[in-house]
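Hi,

Here is the structure I wanted to pass on to you. Have a look at it first, and then read on for my notes on what turned up.

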Amino acid sequence: MPTESGSCSTARQAKQKRKSHSLSIRRTNSSEQERTGLPREMLEGQDSKLPSSVRSTLLELFGQIEREFENLYIENLELRREIDTLNERLAAEGQTIDGAELSKGQLKTKASHSTSQLSQKLKTTYKASTSKIVSSFKTTTSRAICQLVKEYIGHRDGIWDVSVTRTQPVVLGTASADHTALLWSIETGKCLVKYTGHVGSVNSIKFHPSEQLALTASGDQTAHIWRYIVQLPTPQPIVDTSQQISGEDEVEFSDKDEPDGDGDVSSDCPTIRVPLTSLKSHQGVVIAADWLVGGKQAVTASWDRTANLYDVETSELVHSLTGHDQELTHCCTHPNQRLVVTSSRDTTFRLWDFRDPSIHSVNVFQGHTDTVTSAVFTVGDNVVSGSDDRTVKVWDLKNMRSPIATIRTDSAINRINVGVGQKIIALPHDNRQVRLFDMSGVRLARLPRSNRQGHRRMVCCSAWSEDHPICNLFTCGFDRQAIGWNINIPALLQEK
């Protein structure tokens with residue numbers, strides 16, 4: 001009768017022990033679930049200030065967390081036993097492998113390599129599981145606070161800029177690489193006015209602070225000022241798309257998912273073909289333009305490395321702002337003071353002061369290591385700058401030697417915007433994400449994105465509008481659409 005060797009007998013005993021222990025774990029976990037079932041029912045029945053839907057969602061999420069960590073614990077034990085068994089087998093095989101003795105160093109190296117692989121597997125499993133839990137929780141929270149309200153589809157190419165009027169009626173403006181600027185009804189998503197005066201890409205659009213005038217900058221080396229008259233259509237009921245998706249829908253997109261822009265939704269809306277004023281002094285693409293406080297002057301930024309200040313009434317060039325070493329990427333004016341900030345590919349942004357009519361001063365700030373894509377003012381005494389170096393920095397105008405806050409992200413940042421009231425920074429990214437931060441650099445939320453809503457390609461710009469009751473944040477991107485969002489700001493700040 002054959003007899004088992006000592007190593008085989010040891011392995012069989014270890015296997016039986018592992019199997020019985022696994023069964024014991026499952027029985028123990030089952031009994032623990034039975035024991036925890038009663039407190040959960042008691043908790044669900046207790047009085048709480050939280051709404052029942054929020055409470056049930058939280059209970060469900062915590063249940064998922066408990067189950068995930070329970071599975072991780074079991075897998076951890078199994079992996080540890082596999083490591084022990086492997087070490088035992090290596091120790092047994094160390095006596096004769098291919099008729100030769102394994103040296104102590106070789107055996108140690110082989111065992112260490114196998115142990116390292118299993119350890120890496122454990123870490124990967126743990127990170128994947130916990131990331132899924134955290135993502136599920138964050139997604140649910142973000143969707144409750146940030147809801148997509150309307151999509152504005154009609155451009156035939158990517159949208160570079162989005163802006164909201166500061167006068168009544170409140171409408172949305174978009175500037176596109178298809179050589180047009182469109183004005184939209186925020187409530188219905190219908191195109192109200194189409195501007196076709198440019199012969200190049202329309203790179204930015206800004207509205208006059210008190211009149212129905214629009215300022216657009218273009219790749220045709222000009223900036224145009226044009227007057228619009230709009231009549232708002234009857235608002236239609238807005239469908240809540242936030243309830244039509246689940247947490248598993250957070251997936252990547254392909255270019256095939258882009259909205260169909262072949263249908264010309266602007267064909268039946270009034271078209272403006274000639275501007276009131278054309279500002280012509282640049283020798284390169286005009287990438288951005290903005291109104292100075294009061295609306296009597298306008299500033300433009302160009303790839304010819306200059307920014308120009310114009311008198312709106314006469315179209316005359318008042319100042320040519322030189323000093324940047326490379327192409328300008330953006331310009332912005334202070335809402336209450338005669339201050340201008342320009343951004344450039346030379347990794348700097350410059351602050352131009354026109355408060356004294358007789359002289360203007362300039363300050364240069366070198367806080368980034370790559371192209372400064374935009375720098376904007378807040379209502380107070382702050383400047384916020386964003387860069388291709390994946391950082392956003394908040395500066396104090398009274399002391400700009402170093403930033404008072406730095407936000408580090410995982411993708412290049414495009415044209416940022418800061419909410420006037422609560423000073424919330426909206427960051428559009430190259431990776432199609434839009435994130436919200438406060439002025440101290442604390443992340444507040446990420447706009448939800450799925451295969452049924454959100455941007456499908458790079459997000460170029462964001463714009464807050466605190467005058468509209470439904471949509472208070474707008475974004476646009478290379479997917480040829482603009483999106484209106486409703487951000488529950490009180491709930492957002494409470495989550496903080």
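Let's start with Glu 327, which is partly exposed, with a relative accessibility of 23%. Before going further, please keep in mind that this is a predicted model.

Glu 327 is worth a look for its partner: its side chain meets that of Arg 345 in a salt bridge, 3.7 Å from N to O. The two come from distant parts of the chain, 18 residues apart, with Arg 345 in the loop between strand S16 (339-344) and strand S17 (349-353) and Glu 327 in the loop between strand S14 (317-321) and strand S15 (328-333). Arg 345 is partly exposed as well, at 42% relative accessibility.

Now to the strands around that pair. How many residues lie between S15 and S16 in their hairpin? There are 5.

Is S16 enclosed or open to the outside? Since 6 of its 6 residues are buried, S16 is largely enclosed by the rest of the structure. You can see this on both faces: Leu 339, Val 341 and Ser 343 point one way, Val 340, Thr 342 and Ser 344 point the other way, and all are buried.

Back to charges. The structure contains 8 salt bridges in total. As a reminder, side chains of opposite charge can pair when their charged atoms come close.

One of the others is between Glu 78 and Arg 81, where the closest N and O atoms are 2.9 Å apart. Both residues sit in helix H2 (residues 52-93), and because they are 3 residues apart there, about one helical turn separates them.

The salt bridge I'd open next in the viewer is the one between Asp 161 and Arg 415, at 3.8 Å from N to O. Asp 161 belongs to strand S2 (residues 159-164) and Arg 415 to the loop between strand S22 (405-408) and strand S23 (417-418), so this pair ties together parts that are 254 residues apart in sequence. Are these two buried or exposed? Asp 161 is buried, with a relative accessible area of 1%, and Arg 415 is buried at 10%. Lys 206 joins in as well: Asp 161, Lys 206 and Arg 415 form a network of salt bridges.

Staying with strand S6, have a look at Ser 204, which is found there. Ser 204 is buried, at 1% relative accessibility. A polar atom of the Ser 204 side chain lies 3.2 Å from the backbone nitrogen of Ala 289.

Which strands supply at least two residues each to the lining? They are S2, strand S6 (202-207), strand S11 (286-291), S15, strand S19 (372-377), S23 and strand S27 (459-464).

As for cavities, searching the whole structure gives 1 of 30 Å³ or more. The largest cavity holds about 40 Å³ of space. Its lining is made of Arg 432, Gln 433, Val 434, Leu 447, Pro 448, Arg 449, Gly 454, His 455 and Trp 485. Those residues split into 4 nonpolar, 3 polar and 2 charged.

Cheers

Technical notes: Residues are numbered from 1 along each chain as its sequence is written. This is a predicted model: local features need pLDDT of at least 70, side-chain atom pairs count only at pLDDT 80 or more; totals for chains, interfaces and linings use all residues. Side-chain values use heavy atoms; hydrogens and water are left out. A salt bridge is a side-chain nitrogen of Lys or Arg within 4 Å of a carboxyl oxygen of Asp or Glu. Helices (H or I, at least four residues) and strands (E, at least two) are DSSP runs, numbered from the N terminus. Buried means under 20% relative accessible area, exposed over 50%, partly exposed in between (1.4 Å probe, protein chains only). Two strands pair if DSSP finds at least two bridges between them. On a 1 Å grid over the protein atoms alone, a cavity is a set of points where a 1.4 Å probe fits but cannot get out, and a pocket is an open set with protein on both sides within 12 Å along at least five of seven lines; lining residues have an atom within 4 Å of a point. Grid points are joined across faces, edges and corners, and a volume is the space filled by probe spheres set on the points. Ala, Val, Leu, Ile, Met, Phe, Trp, Tyr, Cys and Pro count as nonpolar, Asp, Glu, Lys and Arg as charged, and the others, Gly among them, as polar. A polar contact is a pair of N or O atoms within 3.5 Å; within protein, one must be able to donate a hydrogen and the other to accept it, and residues adjacent in sequence count only if both atoms are side-chain atoms.
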